[in-house]
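Thanks for coming, everyone. I have one model to walk through today. Have a look at it first, and then we'll go piece by piece.

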Amino acid sequence: MSRSNDNIALQAAGLTKIYGSGHTEVVAVRDVSLSVSRGEIVALLGPSGAGKTTLLTLLGLIRPPNTGRILIDGTLVFDNHQAQVDVRRFRRQKFGFVFQKANLIPFLTAVENVRLAMEIDDQPAKVSRRRSMELLDYLGVAERAEYLPSKLSGGEQQRVAVARALANHPSLILADEPTAALDSVRGRQVMELFVKVAHEQSAGVIVVTHDHRALDVFDRTLEMEDGQLRRSGT
Amino acid sequence: MNLATKDIKHNLGRFSLTSAGIGLLLMIVMGMGGIYRGLVEDATLLVERIGADLWVAQKNTRGPFAEMSRIPRDLADRALVVPGVETSFGFISYTIQRSYKGKPLRLTLQGLDWPADRGLWLPIAAGRSLGQAHYEMVADITSGLQVADKLKLGKNFFTVKGLTKGMTSPSGDSMVFMTLTDAQAVQYDMSPESIRIERIARVNRLFNIDLGQIQPQLSERASGLSSGIPALGTSMISAVLVRVKPGYNIEAVAKQIEAWPDVSVYTEQGQKQLLLKGIVERSRRQLGLFRRLLIMVSAIIMALILYTLTLDKLHDIAMLKLIGARNSVILGLIMQQAILLGCIGFCIAYLLGQWIFPYFPRRVVLVRGDLYSLAIIVFVISILASLLGVWRAMRADPGEVLA
């Protein structure tokens, strides 16, 4: 995949995250640098405790790094631990999140869960209603739009979660083990869905996964160990 | 999209039960305030209804309600000749306890100075006011007596001719109105044996004093009816009620009567103050304190409920933060529910109170001003109570969703 600066969704350089201090100090992420282009899907692999989820919280602007820089769509967001922008606004406008569990709001229907992501970004109700239905249709769960999450299967819930992640045309989608709660067939379907989303919606996608059976769908794989990126492959 | 109402709809059962609980709690607060008001109103009710400008009571007493007062009945005639006095009535008030249909019946008897005072000022709810000089009475509806019921008081049967509404004494007993003469007959009723003993004692007392030695003929009368001995004095009443002519200064008339060495005089306002600062003061303060405590307890309980409701949603709140929701969205979710909970609780309290309060043993008076105040207090409590939940929600870490 060709890359240009305009096309880069995420650039991270020298990211380090340290928890605790003194004897209890743990370096969860050590000097990690990476970049992800729009339309690219990247797998982040590694054993438990390698620092994958911590790296995801840094890249997702959920926690600040101790050192390092993060640029999203060319905008400097974190310079060391200092936020340079309103990170919450940045999260709702530039990011989509998908997790092991769908984490849908239980008292909202499928379509309302998708709409919520748009409405908290002040998009008009009419627009959000139309786009959320389009997204659910795109992901093949339009007929379940008015169902509460408790009435949806695990796979359907994940599709709704993906639709919510796509709602605000994100530059980057971060997925933390999104297939861990699904069987292999449905897991593969979700992974292929990310490929589709990355390519068709032109979003960069980083997927933390243990599922080696679906690695063939990724453009790139990164492997973490002891808080550091060890290898990368294509 | 309103997240608060969506959440409520989803957890309707729990929200309804919580609202009902808050409603019951607020009903007790409301009831306590109503009892407080009822106590104050009951205390001053009769004084207000009678509408006398001046109350003439026994010298150095705070009668006739705050303490016992006994003055001669003819004091009403003395008062009538004071310049500026338009009318003056005798008045008697005391409490009795009898048994009626197997149940204890406490009544505060009020004697009206028939025929000048026929009780036309009474708030008659059924039947009529007093129509004759004897053996009729008007009872308050809370006594349980019905029109045409007959009650034996003293040696006579009294027929209930009318029922009043809301006429209870400061101690909460139902008021009963009859003529002054009947009220005195009931008050001073003695058994035949007591009368016989008293007559014998009277004769003996007479022979022990000079009068008996000088006028032995008196002994014949002494062994007869009390009314046959003018020297024994007039009958006693509790107070004299004076109305002042229009254009006359009430204080000035009061001063004139006050100058008599055998009476104390109180204006209507003074009489009310005696009641409020005397009879009901402790109860009033106790209720007021209890009411404030209940409001504080309600605030704490509401805070705990809202905090628990917030804790239940903490994961969703973390998720909202993660996807970039502003604090105002989260604040709205918690506070709107809190305010809705308070409002619904208040409405439940009011509606339930309207239904239950009439069955309370003491009168519960809901004053509009108190209801508005309570509504504002509930609103403020709802907001303050939600702050604990808001504080916890603001501390929710969006990273918890990943964990």
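Strands E5 (residues 75–79) and E6(A) of chain A pair antiparallel, over 2 bridges. Strands here are DSSP runs of type E with at least two residues, helices are runs of H or I with at least four, and both are numbered from the N terminus. Two strands pair if DSSP finds at least two bridges between them. In E6(A), Gln82(A) is the bridge partner of Asp79(A).

Now the sheet around that pair. It is an open sheet of 5 strands in chain A, ordered E2-E1-E4-E5-E6, with antiparallel pairing. Strand E2 (26–37) and strand E6 (82–83) of chain A stand at the edges; each has a single partner strand, so one side of each is left without a neighbour in the sheet.

A word on the source. This is a predicted model: local features need pLDDT of at least 70, side-chain atom pairs count only at pLDDT 80 or more, and totals for chains, interfaces and linings use all residues. Residues are numbered from 1 along each chain as its sequence is written, while chains are lettered from A and ligands numbered from 1 in the order in which they are written.

Next, the contact between the chains. It takes 23 residues from chain A and 16 residues from chain B. Contact means that the C-beta atoms, placed from the backbone, lie within 7 Å. On the chain A side, the elements giving two or more residues are helix H1 (52–59), helix H2 (87–94) and helix H3 (110–119). H3(A) gives the most, with 5 residues. By class, that side of chain A has 11 nonpolar, 3 polar and 9 charged residues. For those classes, Ala, Val, Leu, Ile, Met, Phe, Trp, Tyr, Cys and Pro are nonpolar, Asp, Glu, Lys and Arg are charged, and the others, Gly among them, are polar.

On to chain B. The assignment gives domain 1 (3–42 + 281–402), domain 2 (60–188 + 235–261) and domain 3 (191–234). Such bounds come from an automatic or database domain assignment. The centres of domain 1 and domain 2 of chain B, taken over C-alpha atoms, are separated by 46 Å.

Look at strand E8 (residues 156–164) of chain B. Strand E5 (residues 124–127) of chain B runs antiparallel to E8(B), joined by 3 bridges. There, Ala126(B) stands opposite Leu163(B). Strand E6 (residues 136–140) of chain B pairs with E8(B) in the parallel sense, over 5 bridges. Val138(B) has Gly162(B) as its bridge partner in E8(B). Strand E7 (residues 150–153) of chain B pairs with E8(B) in the antiparallel sense, over 4 bridges. E7(B) and E8(B) form a hairpin with 2 residues between them, and Gly154(B) in the turn has a positive phi of about 65°.

Last, helix H9 (residues 268–279) of chain B. Which residues of H9(B) are buried? Gln271(B), Leu274(B), Leu275(B) and Ile279(B). They cover an arc of only 95° around the axis, which puts them on the same side of H9(B). The arc is that of the directions from the helix axis to the C-beta atoms. Buried means 20 or more other C-beta atoms within 10 Å of a residue's own, exposed means 12 or fewer, and partly exposed is in between, with C-beta atoms placed from the backbone. The face turned away from the buried side of H9(B) carries the exposed residues Gln269(B) and Lys277(B). The buried residues of H9(B) pack against helix H2 (12–50), strand E1 (54–58) and strand E12 (263–267) of chain B.

Methods:
Contact = placed C-beta atoms within 7 Å.
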